Amino acid sequence: MMRKILFIVAVIFIAFLVEFLLFNFVGRWIMPNLLLLVVIFFNLLWGIRFSLFTAVIAGLLQDSFSTNPFGVHLFSFVVCAFAATLIKKIIYPGGSRSIRLLLVSLIVIVNFLVQFFLHMVFGVVDVRETMRFIFIPEMLTTLIVTNYCFNQLKICVLKFFV
């Protein structure tokens, strides 16, 4: 149990560092939501308990370094952990790559909607600009790296836990 928790924290930290480096060197346009992928991966691998732990730690880390109101990422990641569990029960029994991409795309949409509505509560949001500059690039880049990230995470899990 403790090894899993330490492993999750290490993976979250690495994913956050990669997101940070991508943001600083490439820019906002090519920045997949790796922390969300980590939340989804641990939900598929070990279930809702570890996914919620991952969501809380990833949300706290993201909120600590974000200009958004504190708690936006935390809340959206926790909602996504629950949504991943519900969607997994409905569409993921087979586990093929296309179903995995559908699951990730639905969770990215849920994450975007939760954050969008929370931003609407805290201030004015331009829908057209948000769709063009945040949602579409995040969706595309996250879907592009999904299978690679899941395969690399699976390799790491197999090395540490088998």
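Predicted model: local features only at pLDDT ≥ 70, side-chain atom pairs only at ≥ 80, totals over all residues.
**Cysteines**

I looked for disulfides first, taking one as a pair of cysteine sulfur atoms within 2.5 Å, and the count came to 0. Cys80 is in none, and its nearest cysteine sulfur, that of Cys149, is 16 Å away. For Cys156, I found the closest cysteine sulfur 11 Å off, in Cys149, which is too far for a bond. Next I asked how covered these residues are, with buried meaning under 20% relative accessible area, exposed over 50% and partly exposed in between (1.4 Å probe, protein chains only). Cys80 is buried, at 0%, whereas Cys156 is partly exposed, at 30%.

Residues are numbered from 1 along each chain as its sequence is written, and side-chain values use heavy atoms, with hydrogens and water left out.

**Overall fold**

I took helices (H or I, at least four residues) and strands (E, at least two) as DSSP runs, numbered from the N terminus. The protein has 6 helices and 0 strands, so the order of elements reads α-α-α-α-α-α. Its radius of gyration is 15 Å, close to the 15 Å of the globule rule for 162 residues, so the protein is as compact as a globular protein of that length. (The radius is taken over C-alpha atoms, and the rule is 2.2 Å times the number of residues to the power 0.38.) The C-alpha trace spans about 50 × 30 × 30 Å along its principal axes. I also noted that buried residues make up 41% of the 162.

With contact meaning heavy atoms within 4.5 Å, I checked sequence separation: among contacts between residues at least 6 apart, 68% join residues at least 24 apart.

**Helix α5**

Helix α5 (residues 97–122) has 26 residues and reaches 37 Å from first C-alpha to last, close to the 38 Å expected at 1.5 Å a residue; that expectation is 1.5 Å times one less than the number of residues. Its buried residues include Arg100, Val104, Val108 and Asn111. I saw the buried residues of α5 pack against α2, α4 (72–91) and α6.

From the α6 side I picked Thr142, in the helix of residues 127–161. Thr142 is buried, at 1% relative accessibility. Not counting residues up to four places away in sequence, Thr142 touches Pro32, Asn33, Leu37, Val104 and Val108.

**Gly47**

Which loop holds Gly47? I placed Gly47 between α2 (34–46) and α3 (48–64). Gly47 counts as buried at 17% relative accessibility. Beyond its neighbours within four places in sequence, Gly47 contacts Phe42 and Lys88.

**Aromatic rings**

I paired rings of Phe, Tyr and Trp (its six-membered ring) with centres within 6.5 Å, calling planes under 30 degrees apart stacked, over 60 edge-to-face and the rest tilted. The structure holds 13 such pairs. Trp46 and Phe161 are edge-to-face, 5.3 Å centre to centre with 85 degrees between the planes. This pair links distant parts of the chain, with Trp46 in α2 and Phe161 in α6, 115 residues apart. Phe161 is partly exposed, at 28%. Phe112 and Phe116 are stacked, at 5.7 Å and 20 degrees. Both are buried, and being 4 residues apart in α5 separates them by about one helical turn. Finally, I listed one aromatic cluster: Phe7, Phe41, Phe42, Trp46, Phe50, Phe150, Phe160 and Phe161.
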